[in-house]
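Let's walk through this one together, starting at the ligand and ending in the strands. Have the viewer open as you read.

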Amino acid sequence: MLGMHVGIDFGSSSTIMYVDGKGIVLDEPTMIAVDTETGIPIAIGNAAYTINGRTGENIEVISPVQNGIISNYTMAQHILRYYFQRLCGNSIFKPTVILTVPSGATNLERHTFLEVAMRAGAGRVCLVEEALASAIGVGFENNALSGRFIVNIGGGAVDVSVVTMGSLSVSKSVKVGGKSIDEAIRRYLRRERDILIGPQTAERLKICLGSAVPRREEIAVMANGKSGLDHMPITFEVTSTELYGCIRERLDVMVRGIKSVLEITPPELVGDISENGIVLTGGTSLLYGMKRFLESETGIEVFLADDPIYSCVSGAATIVRDMDFLTENGYSFKTVQQLS
Ligand SMILES: Nc1ncnc2c1ncn2[C@@H]1O[C@H](COP(=O)(O)OP(=O)(O)OP(=O)(O)O)[C@@H](O)[C@H]1O
Ligand SMILES: [Mg+2]
């Protein structure tokens, strides 16, 4: 087959691309900055992330994938087109793409992923559910009979699935992830301390101080923001104890989602899960104490994937290298001509 073979995890926080024969060639925030008057893109990926929160009214920074789903068709298309052009240059052959999608996505949402990738320049696209890709990415045998519980906590959503015999038995997406923790931190500082901070500072505070269980020893960092009182710059100290409360509230929503999947999982598979444990992937699974927190909430052993941010794209990469997987499991490629 001519042209590049590409595996893509087009997530709410980051876009990660694997190219057959080259490895992971791209890992950048799923963000685009546009001129608000003309609608013309002026920065994509890392460049858009850097200016986020630092722009005037004439520039808007947009995250076109929200809660795991494409929420801005045109901007999502701009981003993928830009990356396809960067990867393929002037090649006349369009890339063949394995695109991961949230396991709980509706048919309409799946169709949007397909259409955006095609219109952005893909030649053929096959959608694969994130949970299946992650299961392959962490090294599970594809056709294992025994059920595996995969929890992918990303930037915009928690993707919860039971995978058995190479397909999804039960799945659900809960619309809460790392970004909503960042937002909770911003809201907390505004409400309790009258301090305004930008999205990047909130994410940094989460990564440095945040935790899913109380830390054994309190830690603190200095951060910069703006006083809500006089709108002047302010340097302030924040502690891990302070942030724990507002983070915990978001984690409780995640846990309810995870438990609701267990509730509708057939008893035989729940038996498998209690033996095999929960496999945890996605960037937010790196939050301090997340494994311990989920174990205490569910009573099930939790295994954190070796490289949780890359589990999903690693699975897509394995599929890219062995396309037989797709036909053997009932998947098929779509081309632009087949879009209805
Ligand atoms: N060490 C860390 N501690 C806490 N959170 C982290 C850490 N590293 C990354 N994150 C968070 O992980 C999230 C990104 O994870 P990931 O790349 O899996 O998301 P995504 O695939 O883009 O989103 P989604 O799958 O929800 O659409 C971000 O919110 C980021 O802040
Ligand atoms: Mg993801």
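Helices (H or I, at least four residues) and strands (E, at least two) are DSSP runs, numbered from the N terminus. With that in hand, look at α5 (178–193) and α6 (199–209): each supplies at least two residues of the shell around ligand 1. The top contributor is α6, with 3 residues. This is a predicted model, where local features need pLDDT of at least 70, side-chain atom pairs count only at pLDDT 80 or more, and totals for chains, interfaces and linings use all residues. Residues are numbered from 1 along each chain as written, chains are lettered from A and ligands numbered from 1 in the order written, and side-chain values use heavy atoms, without hydrogens and water.

Now the shell itself. 19 residues surround ligand 1 (a heavy atom within 4 Å), and the closest are Ser 12, Ser 13, Ser 14, Glu 203 and Lys 206.

Backbone atoms come up against the ligand's oxygens, too. A polar backbone atom of Ser 13 is 2.7 Å from one oxygen atom of ligand 1, and for Gly 156 a backbone N or O atom lies 2.8 Å from a ligand oxygen.

Over to the strands, where two count as paired if DSSP finds at least two bridges between them. Strand β4 (residues 32–35) pairs antiparallel with β5 (residues 41–44) over 3 bridges, and 4 bridges join β4 to β6 (residues 59–62), also antiparallel. Follow Ala 33: its bridge partner in β5 is Ala 43, and in β6 it is Val 61. In the β4–β5 hairpin, with 5 residues between the strands, Gly 39 takes a positive phi near 80 degrees.

Technical notes:
A polar contact is a pair of N or O atoms within 3.5 Å; within protein, one must be able to donate a hydrogen and the other to accept it, and residues adjacent in sequence count only if both atoms are side-chain atoms.
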